[in-house]
Amino acid sequence: MSRDPLEEAVFVDRAAADPEAPVTPFVQLQRVVVRMLFDPAFVRQMYDDTAAALSGLEVDSSLVEQLLRNDRRLWNADRLRRTRSLKILLEEFKVSSTLALAECGRLSFLDAFFGSRHFHEAVQKRRYMALAYAAYLEEALSNGTLRSLHLQATLALESAMARSRRALREANRGRDAALAPVTPGQPGKRWVVQPGVASHFTPIGTIAVVQRIEKYLFEVAQVPALALCEDAPRPEPLPALDLDESSRQPFLLEPQPGGKVELSEVGAGYARVVAACVRPVGRDELGRTVAGAGTPSEEAAEMAESLAEAGVLRAVDVDRDGKVFLADGA
Amino acid sequence: MTWTREIEAKIQALPYLGVGISGEYGVRPSIDPTELEKEHPGLIHVVEFGTDTDRGLDASVLRWVDAGGKCTYHFLDVNFEELEDMDERWMADTASFAQRLGSPWLCGDSGMWHFGPRDRGHGLLLPPILTRESAEYTARSIAILQERTGLPVFPENPPSLYFLGDLHVLDYFAAVSESAGCGLLLDAAHLSIFQRAGGLDPCTALDGFPLDRIVEMHVAGGGDAVTPDGYRYIDDDHRAEVHPDTWKIVEYVIPRATQLRAVMYECEHNDPAATLDTFRRLNEMFPPPRSTK
């Protein structure tokens, strides 16, 4: 099939759900500008070492020269840009952000997200900022900058919820990751989650931590000037967590239109079935997958059937080419 | 799709709406159009409602529309330079909001309304890169949107502190219009900012611009601002007082824009009393339609 250049561009851009897919040079430059608007350090690098700042990008050099002829103070004219964006991130990651601040005591640690590779990559590759923020906090935990186990547990939960609501958004835009083609040559009936549905296992006590922090944030919000007080209340002591891997509490995450994610406790077997059905999975494979985690394989199919009846899973048909179709009535 | 006589005829058939007021989903306290019309009848004849598909419509605009008021839809969430943004769901949602408002067209600043995918916190507004290549992509997106929604789409020249590319902003949008086969929305305040940034006269390049394709105009207040480190710029803050450069553009364009259907005064966040003189002046320049509802 031949396409004219613009049709080809549509095709290329549709494939841009793959963040590595090529984008036009002028769009790449637009994204560079966004990074400059958020990050004064990147502005400095753009002016002082342009080649390094733009490494790996395909941009028109004459446009870059034009860009750098601007008064560099203009990039910081909106001084509340980062604060507004951070506010939105703090609303979605309110518990983990609070615990991160409780541990490090510096707002600048969260603000530094906008100078991190996570933020810059998200902008340049058209990814979600919220998921990049989660990755920034996860990295701080993995490299020892932050160590709180409470943060680890709540961040994992809030990240799972953030991924869940965005999977639904993407599906609504026609990019349902669960229905992407599978390996060809294995046709048949399978189950797959509804858009954004997921399961999550969390240490017992995590929900109590979430509730404790929500209560704390409500109370401190009554006096915004608390930030100036040496005797400002602290969120500690926090409820204890049971860190035993074998006694994790399983939850079902179901995203709703409007961004809410419903969280409900389910049996561990059901949660494992949901986890296995993130991509289309047939009866045998499902049995093998969950059997390894302790759920009898013969029960897995029954659980999948009941989850499909409850609207948690979808029945799908896979053809010889690996294309996935919703089964009749699914 | 390119500009044709058929498109010209479609534009000619659009309703004449007169002078109106802008409105945006509850960001700040706003002038309620129904109240303004009640207290100062005859000043506004249409409301332009700006929103994104996540936030949707609000009570004040629905009250206006349900009482028979005219309304137009202004999008705030599409990057025309990125064809990936033209997803079916967004186009369907946008069309349904416009339909609910009875909007005869879609319009909005043409630029980068968000980084990343559409999501909360990703919003901003950058101007397009003013090159022929970018204009072609923008035109393609507009052509797709017109085709899928069945509504005319009028791209608007956006504000910015900087512009990149080798085209004058008016030449860019003239190229978009020609290639997409679309009418145009000229924002006089944004144009005055562009001209001043380039050290140009407010009316530079208007003589070569297809004024007969302007269907809607925006008029807004703005003023000098300075950052703590001394950077001076015109802030497009929609204050009530319209800059003299903007008035020059308005006075040049209105008598020459033969297909002009609506002039929106973007002033909704001001004290209504501070807006009355400008509404009166605009109504004199662009008289009301015979029937306002």
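Me: Which residue in β12(B) is the bridge partner of B:G20?
Reply: In this model, which is a predicted one, the bridge partner of B:G20 in β12(B) is B:M264.

Me: And in what sense do β1(B) and β12(B) pair?
Reply: Strand β1(B) and strand β12, residues 262-266 of chain B, pair in the parallel sense, and the pairing runs over 4 bridges.

Me: How many bridges are there between β1(B) and β2(B)?
Reply: There are 5 bridges between β1(B) and β2(B), the latter being residues 46-51 of chain B, and this pairing is also in the parallel sense; within it, B:I21 stands opposite B:V47.

Me: Is β1(B) mostly covered or mostly uncovered?
Reply: Strand β1(B), which spans residues 18-24, is mostly covered, since 6 of its 7 residues are buried.

Me: Switching to chain A, what order do the strands of the open sheet take?
Reply: The 3 strands of that open sheet in chain A come in the order β2-β3-β4, with antiparallel pairing, and the edge strands are β2 (198-202) and β4 (261-265), each of which pairs on one side only. From one strand to the next, the twist averages 30 degrees.

Me: Which residue in β4(A) does A:F251 stand opposite?
Reply: A:F251 stands opposite A:E265 in β4(A), and strand β3(A), residues 249-255, is joined to β4(A) by 5 bridges, the two running antiparallel.

Me: Which strands does α11(A) lie across?
Reply: Helix α11(A), residues 149-172, lies across β2, β3 and β4 of chain A and runs at about 30 degrees to β3(A), while α13(A) lies across β2 and β3 of chain A, at about 130 degrees to β2(A).

Me: How do α13(A) and α15(A) cross?
Reply: The axes of α13(A), residues 268-276, and α15(A), residues 297-309, come within 10 Å and cross at roughly 80 degrees, so the two helices are roughly perpendicular to each other.

Me: Which residues meet there?
Reply: From α13(A), residues A:G269, A:Y270, A:V273 and A:V274 meet A:A300, A:M303, A:A304, A:S306 and A:L307 of α15(A); by class, this contact has 7 nonpolar, 2 polar and no charged residues.

Me: Last topic, how much do chain B and chain A bury between them?
Reply: The two chains bury about 4,100 Å² between them, with 58% of it on carbon and sulfur atoms, and 42 residues of chain B are in contact with 44 residues of chain A.

Me: Which three residues of chain B supply more of its buried area than any other three?
Reply: Those are B:E84, B:F115 and B:L164, which supply 17% of the area that chain B buries against chain A.

Conventions:
Residues are numbered from 1 along each chain as its sequence is written. Chains are lettered from A and ligands numbered from 1 in the order in which they are written. This is a predicted model: local features need pLDDT of at least 70, side-chain atom pairs count only at pLDDT 80 or more; totals for chains, interfaces and linings use all residues. Side-chain values use heavy atoms; hydrogens and water are left out. Buried means under 20% relative accessible area, exposed over 50%, partly exposed in between (1.4 Å probe, protein chains only). Two strands pair if DSSP finds at least two bridges between them. Axes are lines fitted to C-alpha atoms, for helices over the stretch in contact, and angles run from 0 to 180 degrees between N-to-C directions. Angles under 35 degrees count as roughly parallel, over 145 as roughly antiparallel, 65 to 115 as roughly perpendicular and the rest as oblique. Contact means heavy atoms within 4.5 Å. Ala, Val, Leu, Ile, Met, Phe, Trp, Tyr, Cys and Pro count as nonpolar, Asp, Glu, Lys and Arg as charged, and the others, Gly among them, as polar. Buried area is the accessible area (1.4 Å probe) that two parts lose on being put together, summed over both.
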